[in-house]
Amino acid sequence: VLTPRGRWFLAAAGPTAVGGTLVLAGAAALVPLLGMAALGWFLARWAAFAWQVRQARGRLVVRRELRAGGRAVSSVWAYSNPVVRLTVELTAGSLPRVVLADRPPADLDGVEPDEHVGRLVAGSPVVIDTPVKPTAMGVLRFEGLAVRAFDPCGLFEARWFVRHVTEVPVLPPLLSAAGGKQRGVKRVNALPPPGLYRLRRPGGGGELLDLRDYRPGDPPKTIAWKASARRDRLITKEFESDVPVRVLLLLDASTGARVGPAGESAVARLAMVAAGVAQSAAAGRDLVGLAVCDEDGVELLSPARTAAHRVRVLRELARAAARLPHPAGVSAERLSKPAHALASEVYPDLLAADLNALPLGLFWRPALGRRIGWLVVGLFFLPFVALIPVVLERLARLANLFAPAGYGWAGLLGLLLLPWVFGGLVWFVHGVRGMLPPHRPQTARRKALAAVFAAADRSGPAMLQRYVEDDEAFADRAGRFLTAHRVRPPLALVGPDGEDLYRSPGKVAVLAGVLVRATAVARDNELYVIFADLAELTADELAPLLAAVRAARARHHAVAVMVPWPADVPADLPGIPHRVKLAGVVRYAQASRYHRQFAAVRTLLTAAGATLIRADAGDPVRRVLDKLDRVRGVGGRR
Amino acid sequence: MTPSADTLVALGSAAVLAAGLFAERGGSAGLAVGAVAVVGLLARWRPTPPLLLLLTAYLCLFPDGRPVEPVGRGVSAGVRVGELLIAAAVVAYTAAFYRTLTARVEGADDADPVWPTVAAAATAAVGGWAALVVVARYQPDYARPLRFVRVNEFVATPLEQIVGRFVMLAGLLGALVGGAAGGLWLLRLNRLTPAEARVLLVDTRWRETRSELARAEAWRFGEAKPDRRGGCGWCGPAVLAFAGTFGLVLYYLTRG
């Protein structure tokens, strides 16, 4: 494209060349000579630049690596300071002036990517370092490299994007403390020691279990000398076993839990706490498993306690924390704007007019097939009513009233043709409205995106047409497009009838199913920790989960439920406000309602045998772990 | 601060331009153009090249500044070296001026040699003259397409000459720009990425079958969503109001 500099020069050289040649060539040849020389030079520069860019586009090679502590890493820790190193190399040829910039992840604020400005020559790779500071666990998605090339004079500019997708998990920060301080008790055990739980079977623990007669082979240090002296025979001390426990973390990653800003959604907060629990349990040599649940199913990692497994759990938690809500109930037009903005940035080559055409007929709004079409058809057939003699007679009288004498036939003809003229006008106005704003940019955006979607899905032209015609299909695909590129889509939290679109009651059945299956196969006393946003669900909706909790408790498993507390609801309900504005009263009513619902859920879960832990928005992970630790030690003291 | 090579080329071009105009059109024209070129370069004023081009063209036509009596010689009188130098100097100044701006903004090095700028300016001047000669001296033979005849200035009227030049100029520019654009498009087709090729294929197939696909979508929706892309809110009531009013008027006017 032309830069402003190029446009101004063309505006001067073009008229000088054309006007001078047409008018002055026969009288003053120097003027057209100036214009022709300038225009020829301009066109030559354009052709040379276009050729150079065409040659170079496919020859850009991009490599990206994350570096932390002076070495390349495949994942980063939250609150660390890694550097994204992008290496750009041209395999052949050169570009005289380029501006190269790495596109930062959409949900990472405050990143100012370093730019390379200057020449790019084959054999001389360019390195761009961008420091990032992730402040929440999740996934960083780097889309690629934005390239702007200029000719040496700055008259022309070419922009394109080299897609080089890299997804980097951001793991939660490591906790330094060891396992819990409270020690639970197990009735049965099938796991090899050591661990932190007390099993009342002889073993190598620290707590005294019993005294018995000495048997040959018992280590001398276990002999109870005082008891031996009293009984006049050798007595040996027996100790309890310190054993581990299986911990299964059930994480609610349903659509409702994904709503919220980056790093502050319910699932992100729950995943951060779950990561702390996993690390704490692993420090106590417990076996940790993970089940990430949403409305559609579950992704399960069986319990294990290797270091590699621990990292795998943290990666899965990071992936779960990064999930974005799928937009429901949002209009196609509202979604098409951010989707088109994203596509313009990341897929500018696929939106180019020479590949992704916008034929003029696309913008014409056909009347037939719509309600207005019936009116046009009706107006077309209206003149045939004149075949009825009475109507024709009255029309003839009317025509004679207005038409000059002797021209009554012309007036009658005009009256008969009037519906056709009006119908044609309606048809034309209706159709041509599609070529004017706001319809035209909407249709253009939608068609361009539809072609990109259809090509990406390899679904053919029929699907392209469906995306153009069908609002629901387009909105669904545009929402998936945005979430796949980690751009938070616009959401409609409330449906047309005032219903909450993101309550996600379907997750309860999935959570309950996982808990029942885990209980069914458990041969040991296990600990189930459910991280789920359940506060706004009714007793009927919670019934499957309550039944599963009761079943688990009946088999002596421990169940803890951790519910996130919304940041915008006060933890303690204040008094009824006096003399405040309506917004304050509404907020108070909402907070009061949430407190009541939470209390009801707490009552239900406690009655079923589970322990409810509230994870407040400002709570550090350590504080939540302390709360869980107290749950773990319940009944453990003697 | 050491001036860059491009700055020196721009200053040299300004000097050649001023000298050429001084020789061809007199002192005041050369002085004015030279002053504008130097001041624009020192001030880094971006509109200088197009302004200089227009000013040079104006002063070539009206050397004393008053638009009264144009001065100059036609194409048929041949070219003079001074005129070619003026044209080449304007082009060289433009190229060097813009390069100094780009280098200043982007901090680029001065490793580019000087001679391509000078050679390009000289080629542009000679090529421009050749194109001007072709456009001004020849015109298409309308009786035998794709053949050209020399313009007879004593026979052809001024309007006929202008029309002939217009056809020749349009043909020349169309051939040059169209040929270059076509070549670049072929190169682009040859270098399409898989994603671009998929979009091109699906879009081409869609354009060829668009009406059938639209009909199939309409059938698929049927009665479920008859107005899925929004209806016309005012057309229906307007037509009904028109029909009702027309019927009432017809009845009352013709009841007698």
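User: What makes S13 and S16 of chain A a pair, and in which sense do they run?

Analyst: Strand S13 (residues 246–252) and strand S16 (residues 526–531) of chain A are joined by 6 bridges, in the parallel sense. Two strands pair if DSSP finds at least two bridges between them, so 6 bridges qualify S13(A) and S16(A). Strands are DSSP runs of E, at least two residues; helices are runs of H or I, at least four; both are numbered from the N terminus. One bridge partner of A:Leu248 in S16(A) is A:Tyr528.

This is a predicted model: local features need pLDDT of at least 70, side-chain atom pairs need 80 or more, and totals for chains, interfaces and linings use all residues. Residues count from 1 along each chain as written, chains are lettered from A and ligands numbered from 1 in written order, and side-chain values use heavy atoms, without hydrogens and water.

User: Which sheet holds this pair, and what makes its edge strands edges?

Analyst: An open sheet of 6 strands, ordered S15-S14-S13-S16-S17-S18 in chain A, with mixed pairing. Strands S15 (298–304) and S18 (611–615) of chain A each pair on one side only, and are the edge strands. The twist averages 15° from one strand to the next. Angles run from 0 to 180 degrees between N-to-C directions, with axes fitted to C-alpha atoms, for helices over the stretch in contact.

User: Which strands does helix H5 of chain A touch?

Analyst: Helix H5 (residues 307–321) of chain A touches S13, S14 (287–293) and S15 of chain A. Contact means heavy atoms within 4.5 Å. The direction of H5(A) makes about 160° with that of S15(A).

User: Why is one side of S2 and of S7 in chain A left without a neighbour in the sheet?

Analyst: The open sheet S2-S1-S4-S7 of chain A has antiparallel pairing. S2 (71–73) and S7 (126–131) stand at its edges with a single partner strand each, so one side of each has no neighbour in the sheet.

User: How do you know that B:Arg188 and A:Asp354 form a salt bridge?

Analyst: Their closest N and O atoms are 2.8 Å apart. The rule asks for a side-chain nitrogen of Lys or Arg within 4 Å of a carboxyl oxygen of Asp or Glu, so the pair passes. Across the interface of chain B and chain A the rule finds 4 salt bridges.

User: What is the area buried between the two chains?

Analyst: About 8300 Å², with carbon and sulfur atoms giving 69%. Buried area is the accessible area (1.4 Å probe) that two parts lose on being put together, summed over both. The contact takes 90 residues from chain B and 89 from chain A.
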